[in-house]
Amino acid sequence: MKSLNIANILTLMRIGLIPIFVICFYLPYSWHYFVTALIFGVAAITDWFDGYLARKLDQTTKLGAFLDPVADKLMVVVALILLVESYSSLWLAIPTCIIIAREVAVSALREWMAEIGSRNKVAVSFIGKAKTTAQMFAITGLLAYAPDSGHWVILLSYWLLYLAVALTLWSMYIYMRVAWPVLTEGESVFRVKR
């Protein structure tokens, strides 16, 4: 079966790590911080690695193209929701809401653009990749220590998270700017048909 290659197995493994990640997050032991950060870090590495392998081994599939962004978004959203609960902080809730809202908006935009045959116009950009990198490091750092520990990694992770938010908004602006002519053209066509 061509779709069940090493890249897709890594992606499926990433999805399978989510319930383990959630269970570890709620374990009543001090080492749960390290374990959840490790699980998230492994998931983040496989996010990069599965795409690299798919291209390098010429194993790109439609299943992989669908599953890879889904796995990435699921892991990030679950981790951010758990962190908001754990930190109980406005300073974490605001960037979390922005990141999740952007993911929903851009995913809907890509789906709509695909329906009209313009999917390649909203392909992943360098800014999007930089956003993902900052986001992954930030979440890993926030998971690694107790919220009240005052560890310098937490402060650095907050800075990285806000950098990710800035890149999130920038990349969304880029996607919307590229899609805007198609969006407004569709609107004028709709008006003419009425």
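Me: Why is D47 called buried?

Reply: In this predicted model, D47 has a relative accessibility of 15%. Buried means under 20%, so D47 counts as buried.

Me: Where does D47 lie, and what makes a salt bridge of D47 and R14?

Reply: D47 lies in helix α2. A salt bridge needs a side-chain nitrogen of Lys or Arg within 4 Å of a carboxyl oxygen of Asp or Glu. For the side chains of D47 and R14 the N to O distance is 3.2 Å, so they meet in a salt bridge. The pair links distant parts of the chain, with D47 in helix α2 and R14 in helix α1, 33 residues apart.

Me: What makes the 3.2 Å between the side chains of D47 and R14 a polar contact as well?

Reply: The cut-off for a polar contact is 3.5 Å between N or O atoms. The side chains of D47 and R14 make such a contact at 3.2 Å.

Me: Which residues is D47 in contact with, leaving aside its neighbours within four places in sequence?

Reply: They are R14, D68, D72, T132 and M136.

Me: Is R14 buried or exposed, and how do you know?

Reply: The relative accessible area of R14 is 1%. The limit for buried is under 20%, therefore R14 is buried.

Me: What makes a salt bridge of D68 and R14?

Reply: The closest N and O atoms of D68 and R14 are 3.0 Å apart, and the cut-off is 4 Å. D68 lies in helix α3 and R14 in helix α1, so this pair ties together parts that are 54 residues apart in sequence.

Me: Why is D68 called partly exposed?

Reply: D68 has a relative accessible area of 22%. Buried would need under 20% and exposed over 50%, so D68 falls in between and is partly exposed.

Me: How many salt bridges does a search of the whole structure find?

Reply: The search finds five salt bridges. One of them joins the side chains of K131 and E103, at 2.9 Å from N to O. K131 lies in helix α5 (residues 126-144) and E103 in helix α4, so the pair ties together parts that are 28 residues apart in sequence. Both K131 and E103 are buried.

Me: What joins K73, R102, E103 and K131 into one network?

Reply: Salt bridges that share partners join these residues.

Me: How many aromatic pairs does the structure hold, and what makes the pair of F21 and F40 tilted?

Reply: The structure holds four aromatic pairs. The rings of F21 and F40 are 6.3 Å apart, centre to centre, and the limit for a pair is 6.5 Å. Their planes stand at 45 degrees. Stacked needs under 30 degrees and edge-to-face over 60, so the pair is tilted. The pair links distant parts of the chain: F21 is in helix α1 (residues 6-25) and F40 in helix α2, 19 residues apart.

Me: How do you know whether F21 and F40 are buried or exposed?

Reply: F21 has a relative accessible area of 0%, and F40 has a relative accessibility of 1%. With the limit at under 20%, F21 is buried and F40 counts as buried too.

Me: Why is the pair of F25 and Y26 called edge-to-face?

Reply: The ring centres of F25 and Y26 are 5.3 Å apart and the planes are at 80 degrees. Edge-to-face means over 60 degrees, so the pair is edge-to-face. F25, at 9% relative accessibility, counts as buried, whereas Y26, at 46%, counts as partly exposed.

Me: Which residues make the nonpolar surface patch, and why is F34 called exposed?

Reply: M13, F34, L38 and V42 make the patch, which covers about 370 Å². Helix α2 (residues 32-56) gives the largest share, three residues. F34 has its place in helix α2. The relative accessible area of F34 is 56%, and exposed means over 50%, so F34 is exposed.

Me: What is said of the phi of S88, and where is S88 found?

Reply: Most residues other than glycine have a negative phi. S88 is not a glycine, yet it has a positive phi of about 45 degrees. S88 is found in the loop between α3 (62-87) and α4 (90-115).

Me: Is S88 buried or exposed, and how do you know?

Reply: S88 has a relative accessible area of 63%. Exposed means over 50%, so S88 is exposed.

Definitions and conventions. Residues are numbered from 1 along each chain as its sequence is written. This is a predicted model: local features need pLDDT of at least 70, side-chain atom pairs count only at pLDDT 80 or more; totals for chains, interfaces and linings use all residues. Side-chain values use heavy atoms; hydrogens and water are left out. Patches are made of residues with over 30% relative accessible area and no salt bridge: like charges are joined within 9 Å, nonpolar side chains (Val, Leu, Ile, Met, Phe, Trp, Tyr) within 5 Å. Accessible areas come from the Shrake-Rupley method with a 1.4 Å probe; for residues, only the protein chains shown count as cover. Helices (H or I, at least four residues) and strands (E, at least two) are DSSP runs, numbered from the N terminus. Buried means under 20% relative accessible area, exposed over 50%, partly exposed in between (1.4 Å probe, protein chains only). Rings of Phe, Tyr and Trp (its six-membered ring) pair if their centres lie within 6.5 Å; planes under 30 degrees apart count as stacked, over 60 as edge-to-face and the rest as tilted. A polar contact is a pair of N or O atoms within 3.5 Å; within protein, one must be able to donate a hydrogen and the other to accept it, and residues adjacent in sequence count only if both atoms are side-chain atoms. Contact means heavy atoms within 4.5 Å.
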